[in-house]
Amino acid sequence: MSEKKMTSSRRHHLKSLILGIARDLLTAEEKRVEEERARYMEEKCTPLSLPGSVQELQDLCKELHQKTDVVDEERYDLTVKVAKSEKEIEDLKIKVQDLIGKFKKPALKKVRMSADTMLQALLGSKHKVSLDLRANLKQVKKEVKEEDKEAVGDWRKNVEDKAGMGGRKKMFESEA
């Protein structure tokens, strides 16, 4: 049996109804939080009555200072407790992973991709990169030296000059 598909107008109507209900729930939640905040502030913060004399004002300031110290100590204790519990949770997560065993690595698919497309995927489409390395090389023309050919025939003429110690024999004989 094939189920009947919902028309787009019906789907949009239901979606708008759901969104309206969600909006009403969020506004009710905001009102509840605001009322709870106001009630808490009324409990904790009594209305301030300013005394007339300087001594009474100083006593009031000392009292308020002591209350803020107490609140700061409570806040510090709670943050330490939260940090300790978060560290404990992390340690427990690591222990659970160790107890489960090895981490399963997903099987990777073979992807055929040229170096150019891989670089384009990594660097983005803005960067034009090509791996034609030979295009950037200098062109060098080989020149055949004619001196080498002449040197082959020339060695017989200068045998005496080049004899001994790589041609330096004459230098030593002339100096002595």
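Modeller: What follows sets values against definitions. This is a predicted model, in which local features need pLDDT of at least 70 and side-chain atom pairs count only at pLDDT 80 or more, while totals for chains, interfaces and linings use all residues. Residues are numbered from 1 along each chain as its sequence is written, and side-chain values use heavy atoms, with hydrogens and water left out.

Biologist: What is the mean confidence of the chain, and where is confidence lowest and highest?

Modeller: The pLDDT, the predictor's confidence in each residue from 0 to 100, averages 79 over the chain, and 74% of the residues score at least 70. Helix H4 (residues 146-154) has the lowest confidence, at a mean of 54, and helix H1 (residues 8-44) the highest, at 94. Where pLDDT is low, the predicted coordinates should not be read in detail.

Biologist: How many helices and strands does the chain have?

Modeller: The chain has 6 helices and 0 strands. Both are DSSP runs numbered from the N terminus, helices being H or I of at least four residues and strands E of at least two.

Biologist: How do you know what span to expect of helix H2?

Modeller: The expected span is 1.5 Å times one less than the number of residues. Helix H2 (residues 54-100) has 47 residues and reaches 69 Å from its first C-alpha to its last, close to the 69 Å expected. At the start of H2, a side-chain oxygen of Ser53 comes to within 3.3 Å of the backbone nitrogen of Glu56. Just after H2, Gly101 has a positive phi of about 125°.

Biologist: What makes Arg32 and Glu36 a salt bridge?

Modeller: The term requires a side-chain nitrogen of Lys or Arg within 4 Å of a carboxyl oxygen of Asp or Glu. The closest N and O atoms of Arg32 and Glu36 are 3.1 Å apart, so the pair meets the definition. Because Arg32 and Glu36 are 4 residues apart in helix H1, about one helical turn separates them. Glu29, Arg32 and Glu36 are linked in a network of salt bridges, and the structure holds 6 salt bridges.

Biologist: What share of the chain is buried?

Modeller: Buried residues make up 1% of the 176 residues. The accessible surface, from the Shrake-Rupley method with a 1.4 Å probe, comes to about 18700 Å², and 58% of that surface belongs to carbon and sulfur atoms.

Biologist: What makes the nonpolar surface patch a patch, and which residues form it?

Modeller: Patch residues have over 30% relative accessible area and no salt bridge; nonpolar side chains (Val, Leu, Ile, Met, Phe, Trp, Tyr) are joined within 5 Å, and like charges within 9 Å. Val111, Met113, Met118, Leu122 and Leu123 make a nonpolar patch of about 510 Å². Met118 is found in helix H3 (residues 115-123).

Methods
Buried < 20%, exposed > 50% of the residue type's maximum accessible area, 1.4 Å probe, protein only. Polar contact = N/O pair within 3.5 Å; in protein donor to acceptor, adjacent residues only side chain to side chain.
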